[in-house]
Structure formats: C-alpha cells, structure tokens
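Good morning, colleagues. Please look at the sequence and the structure that I am about to show.

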Amino acid sequence: MFRKQGSLILFGTFLLITWNAILLFLLWGRPTLSQLDKPRPEQAEAAAAKPTGDVMGDVLEMADSIAAELETQKEILLQIRSHQSLWRPSNKSKANAAVPTQPVIPILVIACNRVTVRRCLDKLLEHRPSEELHPIIVSQDCGHADTAEVIRSYGKRVAHLQQPDLSDVAVKPQHKKFQGYYKISRHYHWALNQVFRRLSHSAVVIVEDDLEVAPDFFEYFRATLPLLEADPSLWCVSAWNDNGRDGYVDPGKAELLYRTDFFPGLGWMLLKEQWEELEPKWPASFWDDWMRDREQRRNRCLRPEISRTLTFGRQGVSLGQFYDKYLRYIRLNTQFVPFTKLDLSYLKEDAYRKAFEQEVYGAPLVTYEEVAQGQLKGPGPFRLQYSSRDSFKLLAKNLGIMDDLKSGVPRTGYRGIVTFVSRGRRVFLAPPPGWSQYDTTWS
C-alpha cells in the first residue's frame, strides 16, 4: 500500500513541476512592452479583430492569473502534507512490519535420537523473547522416528530439518568405534551450511538436544553479538563454564563475563564470516577438539561466570565422559541479567588483558595447602602458581577443577590462568609472571 501511495505522490509532484514549466513558457512567450507597440505580421489580423491599447491592463490580468494559480498549487501542497500519514509508515506500522529492525539470531538445535529433545525445546520456547528475532531450527540426524514425531509436535513454532545422508562414513578400521563422531561432524557441517548458505542468516547460536537454557540465555547472546561482530580477536561466544559447578562460582556475580582461550561449546554463537573461515577445512570427526587446536581457536571466545546452559544428557557417543564427575553438577543461572543494558566494553581485548593480568599478578601468592584447608586470610582474590604440565594437573585434580588440556590450553584458561572459587574466595591458578604462550605438547 505504501509503495502505491508513494507513486501517487511522485505523480502529483511531476504535475506541479510540469505546470510550473508551462507557466514559465507562457511568461517567456508574452510580448514585452516594446513588442506590444509592433505586433508581428501573423498577429495583425487577430489584433485587428480584437484591438486593445491597454498594455498595463494586460500585464495586470496576467499577474492575477499567476497569483490565482500559485494559490491553487499552495492548496494542493497543503493537501499532500495532510495525507503524509497514509504514505509514510507510522511508528506503530513499523512495529508491526514483517522485517525486524533488530538482528535476527536463530537457534540451531542439533538433534539425533533423543526424545528428551522436548525438554530442550520447551525451555527455549519458554524463555524466547521473540519468534521473529529467534527462530528455532531443529536439524535432525539419525532418522529416529520417535524423535522426529516429538519435533513435529511443535508445529510451526520450530522448523524441522532432516539430514538426508544417513549412511555410514568410510573410516579406517581402527576408527570404526568412532563412527558416531564422524556422523556428528558430518551433521554439523550440513546443518551450519543450511543456516548460513540456504537460509542466509548472519549469525547462529548452536545448542545440542540435551541442553536446558537459562532465563537470560537469549539476552546474553543479544548483548554479546555486537562484541563478536566488532572484535576480530573473537570468533565465538559460549554459554558454558567448564568449571561452573556449585561452590566453584560466585552466585553474586551472575553478570560477570570472561575472555577464554579454550573453546567451551555447549551453547555457542558463531558468525557467518567465521563459518566461511572454518567450513572449507571442517574435520571429518572430533569437530570440537579440532576447534580447540591453535590454528582454529586463536584464543578468541567469551564465556560466563555462571553457565547459561545445563546438560542433562549422560548417554551419548562420549559414553558419559566427565558427566558423573563434573557436568551433572554445573550450576545453571536462574536470575535474569539485563546484559543488553550493561557496559560490556571491558571485554575488549587490550583493555581486558591488562586489567585481568593486573588483578591476577597483583593478588597475593598462596600455597595449595592454604587453599585446600581453607586457611586463606582476607576476602581475596588469591593466586596459586603452577610451573609445569604435571604441577597444573596435580593441583587442578586435587582442587576439583577439570585437569585436562587441549593443545596446551586448560579448560576456561586465559593466558594460562584458570579462575574459580574455593570456599567463597576467588582463586587464580596461574603460571609464573611473564607467561608468553601455550606449550602445545601439554595435552
């Protein structure tokens, strides 16, 4: 409707311009006072038929005609202005427009054969602030009929994609037991191509079918999207804290975010530009460990103090690795943090590195015994130092935080530093001052 009304206005404007041009032509065509004394031969007969000697009268008559026409044009313009509301959308019309004015961040749910995907989808739909801004896309592998039926039961509230290639992946004999990891990697590759290439989205948040999300899950990703877009040193935002168990995080710091050199996964946001970087070299298997290699990782993710996702899927291709010991105890944030109203500029790389290192290496150095036995004096934070791979693993294991490393990087680590809470006090498990880079042989 707006396009049609805009065309009418343009047509009206064209008529006004044309009329002005005609007026100018008539004025230029009028004889001057000197010319009135000497009529042209072709005008002689007409002049004889209708003689007049009142030159001033003719001029006054012409002026009256022009004044009347200008008044008419003024009335037309006033009418156009009074109808602007018909062709210029009001704020209310904009609010109801089909195209959102805010960025669209779809949620991609990677599913296979878990009918408990219902728990994941129910929480996403419960906390989703907008269907238009956060379409939910479920990509299902495996061809599991019962799971497909659960997904279809949501109707148009979710989009259901089915990975067409269900064949086994050709692998080396020694990798036959890892067939599931190969299929998962193939599925991720296909699903992300659907989101970015077929559906043309510019960003996506990926969750698996065994994740439950926090009330501010969507708020968290909406607030961090501008950081991800503006900072080339970042390529992912994760909702997960690997050491985020009860007692190891500060419940009073739900708004606190960190940079990390480790790829956490388990609810993470990726831009189309980063997918274009990763897609041509996407691995055949073990995609998450591949993402943690130095070549891909490049030390560039964000993660929260308190996780915005919780995994409830003990059974899977990893056979419950870490689940019973760590994952089942992860604390899920329950309070809504208005991240979009907070100043997150402290997460910019240069400012963050300087402030974080100053806080860590300005903290008093303590011993393992002081931490383990609850003998820390003062509110903290405190620094506990490790000097080798073995000392890190021993300290981490005894303190109850995850002790594995990928390409030399500890889980949640930033410049070798792992932060956690022990008996209510902040502790930094850190390398000696002067740390320069990770040792990739630490794995």
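Let me begin with a term: two strands are said to pair if DSSP finds at least two bridges between them. With that in hand, 5 bridges join β15 to β16, and these two strands run antiparallel. One of the residues concerned is Phe420, whose bridge partner in β16 is Val427. Please bear in mind throughout that this is a predicted model.

How many strands form the open sheet to which β15 and β16 belong? There are 4, in the order β11-β12-β16-β15, and the pairing is mixed. β11, residues 365–366, and β15 stand at the edges with a single partner strand each, so one side of each has no neighbour in the sheet. Helix α14, residues 349–361, packs on this sheet. The helix touches β12 and β16, and its direction makes about 100 degrees with that of β16.

Just after the helix, Gly400 takes a positive phi of about 90 degrees.

I now turn to another open sheet. Here 8 strands are arranged in the order β3-β2-β1-β4-β8-β6-β9-β7, again with mixed pairing. Its edge strands are β3 (159–162) and β7 (257–260), each of which pairs on one side only. Neighbouring strands of this sheet are turned by 25 degrees against each other on average, direction ignored.

By contrast, β6, residues 236–238, and β8, residues 268–271, pair in the antiparallel sense over 2 bridges. There, Ser238 stands opposite Trp268 in β8.

Is β2 covered on one face or on both? Both faces are covered: Ile136, Val138 and Gln140 are buried on one side, and Ile137 and Ser139 are buried on the other. In a regular strand, the side chains alternate between the two faces of the sheet. For β2 as a whole, 5 of its 5 residues are buried.

Part of the surroundings of β2 is helix α7, residues 117–127. The buried residues of α7 are Val117, Cys120, Leu121, Leu124, Leu125 and His127. These residues pack against β1 (107–111), β2 (136–140) and β4 (203–208), and also against α8 (145–152), β5 (211–213) and α10 (217–230).

Next, I would like to consider two individual residues. Gln296 has its place in helix α13, residues 294–297. Is Gln296 buried or exposed? The cut-off for a buried residue is under 20% relative accessible area. Gln296 has a relative accessible area of 2%, and so counts as buried. A polar atom of the Gln296 side chain lies 2.9 Å from the backbone oxygen of Trp290. Leaving aside residues up to four places away in sequence, Gln296 touches Trp235, Leu278, Lys281, Trp290 and Met291.

The second residue is Asp289, in helix α12, residues 287–291. Asp289 counts as partly exposed because its relative accessibility is 29%. Asp289 and Ser407 are 118 residues apart along the chain, and their C-alpha atoms are separated by 9.1 Å.

I close with the protein as a whole. Its secondary structure comes to 16 helices and 16 strands. Of its 443 residues, 43% count as buried. Among contacts between residues at least 6 apart in sequence, 75% join residues at least 24 apart. Finally, the protein exposes about 24,000 Å², and carbon and sulfur atoms supply 55% of that area.

Conventions. Residues numbered from 1 in each chain as written. Predicted model: local features only at pLDDT ≥ 70, side-chain atom pairs only at ≥ 80, totals over all residues. Heavy atoms only, no water. Buried < 20%, exposed > 50% of the residue type's maximum accessible area, 1.4 Å probe, protein only. Contact = heavy atoms within 4.5 Å. Polar contact = N/O pair within 3.5 Å; in protein donor to acceptor, adjacent residues only side chain to side chain. Axes fitted to C-alpha atoms, helices over the stretch in contact; angles between N-to-C directions. Areas by Shrake-Rupley, 256 points an atom, 1.4 Å probe, with all protein chains shown as cover.
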